[in-house]
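Trainee: I have a new model open and would like to learn how to read it. Where do we start?
Mentor: Let us take one residue, then widen the view.

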Amino acid sequence: MPMIDADGCLLNVTVEGRDGGPTLMLSNSLGSTLQMWEPQMRAFAQVFRVIRYDRRGHGKSQVPPGPYSIERFGRDALAILDDLNIEKVHWCGVSMGGMVGQWLAAHAPERVGKLVLANTACYYPDPTIWDARIKAVRDHGLAGIADTVIAGWLTQEFRDANPDVADRMKAMLVATPVEGYLACCAALRALDLREDIPGIKSPTLVVAGRYDKSTPIAMAEAIRSRIPGASMTIVDAAHISNVEAAGAFNDAVLGFLTQR
């Protein structure tokens, strides 16, 4: 796994899958690492060369001082592509990864082929929710919010049926460096891509979770309606749909990315 320098921050990156195939870049949610994509790797790696990475402040990547921004995350992704000598990728991002994808497709359109935006937002009408999250983490650490976050990530039904998966996701969240998490919350507090995304030219699929309370269907529709020609699909999942509804997620993404 290479460590790639993005303006002085070393980012943990993996490249797997089909040699010579088209390239697909996967981008994680807040509080997760590249391991969140394990349910996709067998299917995606048969078709694509797949890039995964830990966002700055997460996983094995470095934790420079915050606050961070969506633009900073977008430039990190471009640094990875430049280092790997890759001109263009398809992009699939969940939650914060979808926000980064919107920025990239709007500001570096020549680098993005098709775009999958899952369980994400372009704007938070009430950014004070992130002030509350920052205070809670400062006061109680990530362990103090973990149960609440996991309840938003995965439905109760899924957690009851798959306790090992829920436990792994919770451990991933709790292991996130606190300062990195808080610096990312600051980026989310400032999120507003509403005027950026109408200029996106990439073919776009928006994926929404039927039971997602963090970025509900209305937020997905707000993105779909602003991006010319975008389509939307709804899967039976809460916020981390690629884990909870992996089969439906994989089918939707592969179907979209491989159609001519």
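**From one residue to the whole chain**

Mentor: Start with Q40. Q40 is buried, with a relative accessible area of 0%. Keep in mind that this is a predicted model.

Trainee: Which relative accessible area makes a residue buried?
Mentor: Buried means under 20%. Q40 has 0%, so Q40 counts as buried.

Trainee: Where is Q40 found?
Mentor: Q40 sits in helix 1, which spans residues 38-45.

Trainee: What does Q40 touch, not counting residues up to four places away in sequence?
Mentor: Q40 touches N242, A246, F249 and N250.

Trainee: Is A171 buried, partly exposed or exposed?
Mentor: A171 is partly exposed, at a relative accessible area of 47%. Partly exposed covers the range between the buried limit of 20% and the exposed limit of 50%, so 47% falls there. A171 belongs to helix 6, residues 163-174.

Trainee: How far apart are the C-alpha atoms of A171 and S32?
Mentor: They are separated by 9.5 Å. Along the chain, the two residues are 139 residues apart.

Trainee: What share of the contacts with a separation of 6 or more joins residues 24 or more positions apart?
Mentor: That share is 77% in this chain.

Trainee: Now the interior. What is the general idea?
Mentor: In soluble globular proteins, nonpolar side chains tend to be buried together. Here, the largest nonpolar core has 91 residues. M25, W91, L104, M169, Y181 and F249 touch the most other members. Helix 4, residues 128-153, supplies the largest share of this core, with 9 residues.

Trainee: Take M169. Which residues does M169 touch, not counting those up to four places away in sequence?
Mentor: M169 touches I150, W153, L154, I240 and V243.

Trainee: How many helices and strands does the chain have?
Mentor: The chain has 10 helices and 8 strands. Its radius of gyration is 17 Å, close to the 18 Å that the globule rule gives for 260 residues, so the chain is as compact as a globular protein of that length. The C-alpha atoms fill a box of roughly 50 × 40 × 35 Å along the principal axes.

Trainee: What percentage of the 260 residues is buried?
Mentor: Buried residues make up 55%. The accessible surface of the chain is about 10900 Å², and 50% of that belongs to carbon and sulfur atoms.

Note on methods
Residues numbered from 1 in each chain as written. Predicted model: local features only at pLDDT ≥ 70, side-chain atom pairs only at ≥ 80, totals over all residues. Heavy atoms only, no water. Core = buried A, V, L, I, M, F, W, Y, C linked by side-chain atoms within 4.5 Å. Buried < 20%, exposed > 50% of the residue type's maximum accessible area, 1.4 Å probe, protein only. Helix = DSSP H or I, 4+ residues; strand = E, 2+ residues; numbered from the N terminus. Contact = heavy atoms within 4.5 Å. Rg over C-alpha atoms; globule rule 2.2 N^0.38 Å. Areas by Shrake-Rupley, 256 points an atom, 1.4 Å probe, with all protein chains shown as cover.
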